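Here is a guided walk through a structure for someone meeting it for the first time. Have the view open and follow along.

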Amino acid sequence: MASLIELAERGELTFTWRAVGDKSMCPDCADRHGLNGFTLDEWQSRGLPGTGHTQCQGNCRCVMLPDNLLTVESEVLEPFEIGPALEGVPGVTDRFEAARIAINMRLLSDLPAGTRVRYQGAIPQLRGMTGTVRPGATVQGMTIDFDFAPSGFPGMQSLFVGDFTEVIRIG
Amino acid sequence: MANNFSATWKPHQAMSNVKRTLSRIQKDMDADKIITWALPKVKDAVIERTTRGLDLADREFIPYSEGYARSHKDGMNSPVTLVESGQMLGQLKADRLGKARAKVFVRTGGSPNRQAIAAAHHRGQGVPRREWLGMSPKDMNGLNRDTVLHLESLLRLTGPGLKTSGKAFRGTAPWRVRNPR
């Protein structure tokens with residue numbers, strides 16, 4: 001990451017003028033206080049603190065602070081896909097998850113007992129683990145329960161219920 | 001003729017003052033002080049705007065359909081706040097991506113998965129599109145303003161380099177000119 005000084009020199013940082021705010025502050029500084037959104041070059045042409053552009057001249061105690069320091073991104077989940085291995089499998093449907101909030105998510109239901117599946121869900125420790133759909137397993141909403149093969153995940157040999165983003169039928 | 005003009009102009013010192021300030025901020029960024037402080041602010045900003053019924057462009061969300069509002073409990077007609085059980089916004093999280101970068105997202109969890117519901121609202125998958133997940137320009141403006149105030153307090157605490165007190169401005173936080181960019 002470039003240093004703040006480099007960013008400022010490249011004109012990627014903007015600055016706000018901050019005055020002291022005490023009784024000896026000059027009127028020019030009071031007027032400039034809070035002015036923001038200008039690059040260092042732009043501030044240089046307007047006059048930085050202490051360069052004689054304010055009544056306090058070289059005695060200026062104001063500072064310039066960067067005002068676009070932070071960036072915030074958003075992460076939105078990609079739409080779900082059913083793995084190709086499940087296409088055409090009985091019980092794999094395209095139903096809306098709930099009628100009243102018609103979200104286009106995929107719902108798996110009635111996978112035959114004994115179906116071997118691989119978990120590709122949101123729980124990182126379990127991704128890629130394989131399991132077998134147990135007899136009478138239910139698949140509701142975003143959860144599926146199945147028994148993991150002991151070799152797949154020794155610590156969790158019994159029923160597992162978890163969110164999935166994709167379930168691949170492997171056998 | 002005598003020159004009564006006694007003040008000293010310090011153009012070079014002015015620039016080095018700016019750089020010294022930036023160096024000190026950089027140290028606080030390296031110590032994660034700034035991003036750690038900002039994360040809850042980011043989350044609060046998203047929740048606050050959304051529960052006021054405003055999208056990322058600060059426009060009101062598209063209203064619920066009459067049928068939807070009728071089939072739900074009282075208060076589900078207007079304004080649209082994307083709050084029914086509160087679980088979706090309850091799973092909202094802000095995390096650091098770098099020294100000055102954060103991301104906001106909805107954690108996976110719940111049945112149906114709130115992360116999926118959040119995405120469906122945001123993208124308009126099966127429901128009217130209501131873009132909410134992220135920071136609006138107004139949210140960012142508020143965050144930037146708060147960050148400047150926070151920097152002031154950090155810098156004042158960490159050494160004698162700055163003389164500002166800013167006390168007279170506390171609470172008013174002047175922010176009079178919109179970012180021209």
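This is a predicted model: local features need pLDDT of at least 70, side-chain atom pairs count only at pLDDT 80 or more; totals for chains, interfaces and linings use all residues.

**Rings, core and charges**

Let's start with the aromatic rings: a search of the whole structure turns up two aromatic pairs over all chains. A pair here means rings of Phe, Tyr and Trp (its six-membered ring) with centres within 6.5 Å; planes under 30 degrees apart count as stacked, over 60 as edge-to-face and the rest as tilted. A:Trp17 and A:Trp43 have ring centres 5.6 Å apart and planes at 45 degrees, so this pair is tilted. It links distant parts of the chain, with A:Trp17 in strand β1 (residues 14-18) of chain A and A:Trp43 in helix α3 of chain A, 26 residues apart. Helices (H or I, at least four residues) and strands (E, at least two) are DSSP runs, numbered from the N terminus.

The other pair is A:Phe38 with A:Trp43, and this one is edge-to-face: 5.5 Å centre to centre, with 80 degrees between the planes. Together, A:Trp17, A:Phe38 and A:Trp43 form one aromatic cluster. A:Trp17 is buried at a relative accessible area of 0%, and A:Trp43 is buried with 0% too. Buried means under 20% relative accessible area, exposed over 50% and partly exposed in between (1.4 Å probe, protein chains only).

Residues are numbered from 1 along each chain as its sequence is written, with chains lettered from A and ligands numbered from 1 in the order in which they are written.

Now for the core. Which residues touch the most other members of the largest nonpolar core? Among its 64 residues, they are A:Phe15, A:Leu69, B:Ile25 and B:Trp132. The largest share of this core, eight residues, comes from α2(B). A nonpolar core is a set of buried Ala, Val, Leu, Ile, Met, Phe, Trp, Tyr and Cys residues joined through side-chain atoms within 4.5 Å. Take A:Leu69: not counting residues up to four places away in sequence, its contacts (heavy atoms within 4.5 Å) include A:Leu4, A:Leu13, B:Ile25 and B:Met29.

On to the charges: there are 15 salt bridges over all chains. Each is a side-chain nitrogen of Lys or Arg within 4 Å of a carboxyl oxygen of Asp or Glu. One of them joins A:Glu9 and B:Lys19, with the closest N and O atoms 3.0 Å apart. This pair crosses between chains, from helix α1 (residues 4-9) of chain A to helix α1 (residues 11-30) of chain B. Within chain B, B:Asp28 and B:Lys33 meet at 3.3 Å, N to O. Here B:Asp28 is buried at 6% relative accessibility, whereas B:Lys33 is partly exposed at 36%.

One last stop is the backbone. A:Gln57 has a positive phi of about 50 degrees although it is not a glycine. B:Leu82 also has a positive phi, of about 60 degrees.

Notes. Side-chain values use heavy atoms; hydrogens and water are left out.
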